[in-house]
Amino acid sequence: MELLSTNVSFGGEHRRYRHTSAVLDCDMEFAVFLPPKAVANKAHRVPVLYWLSGLTCNDQNFMQKAGAHRRAAELGIAIVCPDTSPRGVNLPGEDDSYDFGSGAGFYINATRDPWAQHYRMYDYVVEELPNLIEEALPVNDHRAISGHSMGGHGALICALKNPGRYKSVSAFAPICNPTECPWGVKAFSGYLGEDREAWAEWDATLLIPEARERLKLLIDQGTADDFLAEQLNPDALADVCEKLHHPIRLRMHRGYDHSYFFIASFIDEHLDHHASALGVPN
């Protein structure tokens, strides 16, 4: 890992790294916040919250805008924020639109050429990056996962597809039923092809019936979110959870939109949710 930059933040450190990803076949950048106890004593290994960002974002958006460092420092939780797609692999059309290609990996494994060689963000987030982090940094294998919008979709599917790997999961304004919304249909058609049956394994709402672990879902959604009706559809996820007795806490917040102002308003509550599951006193 190549250290690109470091900043002191609330007694801890915010670091940016670059590394060569074998899974994605390109160089990737990611950010890490280490709480004070991990910085002061490298033998003290802390739990990790993996944060997955949304469309057009990279590793820097959450770290700079969410206001998560203060509470993470108090709780003693590290935060790892990967990029949202491979970068600079020069595939035709990857920079043509904001919702497909660069900045829009959707945290799935592409099977359609030419995307399949590089766009395997699911394997990167679930396996390669945590293995790298846990080997190189003072963190342990107690993991939580969260995200926003496209990243909220990513957090939900990562948790649902990997029972026992994460202690907790949460999401802000996630794309809950991507096989039935324009963003998801565009991405899945491009990355996976036209066989809609192959899409089902990447849709949280469709994964609930077969989930082998009933990990509680904490989801916050703003009522003034411009994407709520057409793209996000939390009601579909809530309905299937209710029918199958999958624990979910869906909180609707009057007047809040899709922005980082919304995330910053409630991020401490999400961190406390994850700290409780990770066994961290708050």
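Is cysteine 181 buried or exposed? Hello everyone, let's start there. This is a predicted model, and in it cysteine 181 is buried, at a relative accessible area of 3%. Cysteine 176 is buried too, with a relative accessible area of 1%.

So what about disulfides? The structure has zero of them. Take cysteine 176: the closest cysteine sulfur belongs to cysteine 241 and lies 8.9 Å away, which is too far for a bond, because a disulfide needs the two sulfur atoms within 2.5 Å. Cysteine 181 is in no disulfide either, and its nearest cysteine sulfur, the one in cysteine 176, is 9.5 Å away.

Now please turn to the sheet. Nine strands make up an open sheet with mixed pairing, and if you walk across, the order is S1-S2-S3-S5-S4-S6-S7-S8-S9. At the edges you find strand S1, residues 2–9, and strand S9, residues 248–253; each has a single partner strand, so one side of each has no neighbour in the sheet. On average, neighbouring strands here are turned by 20 degrees against each other, ignoring direction.

Let's stay with S9 for a moment. Its pairing with strand S8, residues 217–222, is parallel and runs over six bridges. Within that pair, leucine 217 stands opposite isoleucine 248 of S9.

And which strands does helix H10 touch? This helix, residues 260–278, packs on the sheet and touches S4 (46–52), S6 (139–147), S7 (168–172), S8 and S9. If you compare directions, H10 makes about 175 degrees with S7.

Technical notes:
Residues are numbered from 1 along each chain as its sequence is written. This is a predicted model: local features need pLDDT of at least 70, side-chain atom pairs count only at pLDDT 80 or more; totals for chains, interfaces and linings use all residues. Side-chain values use heavy atoms; hydrogens and water are left out. Buried means under 20% relative accessible area, exposed over 50%, partly exposed in between (1.4 Å probe, protein chains only). Two strands pair if DSSP finds at least two bridges between them. Helices (H or I, at least four residues) and strands (E, at least two) are DSSP runs, numbered from the N terminus. Axes are lines fitted to C-alpha atoms, for helices over the stretch in contact, and angles run from 0 to 180 degrees between N-to-C directions. Contact means heavy atoms within 4.5 Å.
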